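Biologist: I'm new to this one. Can you walk me through the pockets and a strand?

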Amino acid sequence: MSDPILAVHGLSAGYGDFQALFDVSFALEEGGLLGLVGANGAGKSTLFKAILGQLPRKRDMVHFRGQPIGHLKTEVMLRLGIAQVPEGRRLFPSLSVEENLQLAAERGRKGDWTLRRVYDLFPILREKRMARSMSLSGGQQQMVAIGRALVANPAVILFDEISLGLAPIVVSDVYAAMPEILKSGVSAIVVEQDIERVRAIADTLVCLNEGRVVLSGPTRDFTKAQITTAYFGE
Ligand code: ATP
């Protein structure tokens, strides 16, 4: 079998003296969608920060296509092929939709994901392409954030709580794009609070509790009750 596209080995990380992650290990297979679940404060965002080099970690703790990348800086990650859709979206508010996408396209890699393809995926963004991103609804902003990751033509996207603050119907609109994204060859880790939604889309599950992996494996191996128990640490 080929190497996983992204693997984390014995990763420990934190903030100064505070350790937030303890010996975390898992693998994201090429073309896979890994659902990362856990209660507030379990360490999901911290894990993304550590993968992306926004927190100190060691060389061998993160592998990309079998190569250690835990010594690389954040700026290198996008060029390497790891993009994120961060919690809170972090768009440039006064720039237009198109400018936000254009900037990301210039910083990323060349490939099949162009602005046009993002507009095909989210037609509302074509209509709004000249609008400042701050004038968009939360769901539309989330689509821009996803589009921004895609136009960098990554191999892996880390999605951090893309449903946060969105109405359920809007969440469904945003998630409707996921099959097309996966079909294009992108592999993904998705942080999501809604266990039912994660079970529906993820082939692999990892549950964190207080910084430790408490459940990990193929989604089909776990019942909803098992996931819920791991999630709440009962
Ligand atoms: P949420 O769903 O609330 O985003 P999470 O699973 O993403 O939760 P993290 O944000 O990774 O959890 O937080 C993990 C732990 O690290 C928590 O105890 C949190 O208080 C702590 N933490 C997070 N960010 C910082 C920071 N910048 N400085 C110090 N501690 C932090």
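**Pockets and a core strand**

Modeller: Strand β2 gives the most to the lining of the second largest pocket, with four residues. This is a predicted model: local features need pLDDT of at least 70, side-chain atom pairs count only at pLDDT 80 or more, and totals for chains, interfaces and linings use all residues. Residues are numbered from 1 along each chain as its sequence is written, and side-chain values use heavy atoms, with hydrogens and water left out.

Biologist: Which residues lie nearest the centre of the second largest pocket?

Modeller: G41, A42, G43, K44 and T46, out of 17 lining residues. A pocket here is an open set of points on a 1 Å grid over the protein atoms alone, where a 1.4 Å probe fits, with protein on both sides within 12 Å along at least five of seven lines; lining residues have an atom within 4 Å of a point.

Biologist: What volume does the second largest pocket have?

Modeller: About 210 Å³, counted as the space filled by probe spheres set on the grid points, which are joined across faces, edges and corners.

Biologist: Now strand β3. Why is β3 largely enclosed by the rest of the structure?

Modeller: Five of its five residues, 33-37, are buried, so β3 is largely enclosed. Buried means under 20% relative accessible area, with a 1.4 Å probe and protein chains only. Strands are DSSP runs of E, at least two residues, numbered from the N terminus.

Biologist: Which residues sit on each side of β3?

Modeller: L33, G35 and V37 on one side, L34 and L36 on the other.

Biologist: What does L33 stand opposite in β8?

Modeller: A188.

Definitions and conventions: Buried < 20%, exposed > 50% of the residue type's maximum accessible area, 1.4 Å probe, protein only. Pairing = 2+ DSSP bridges.
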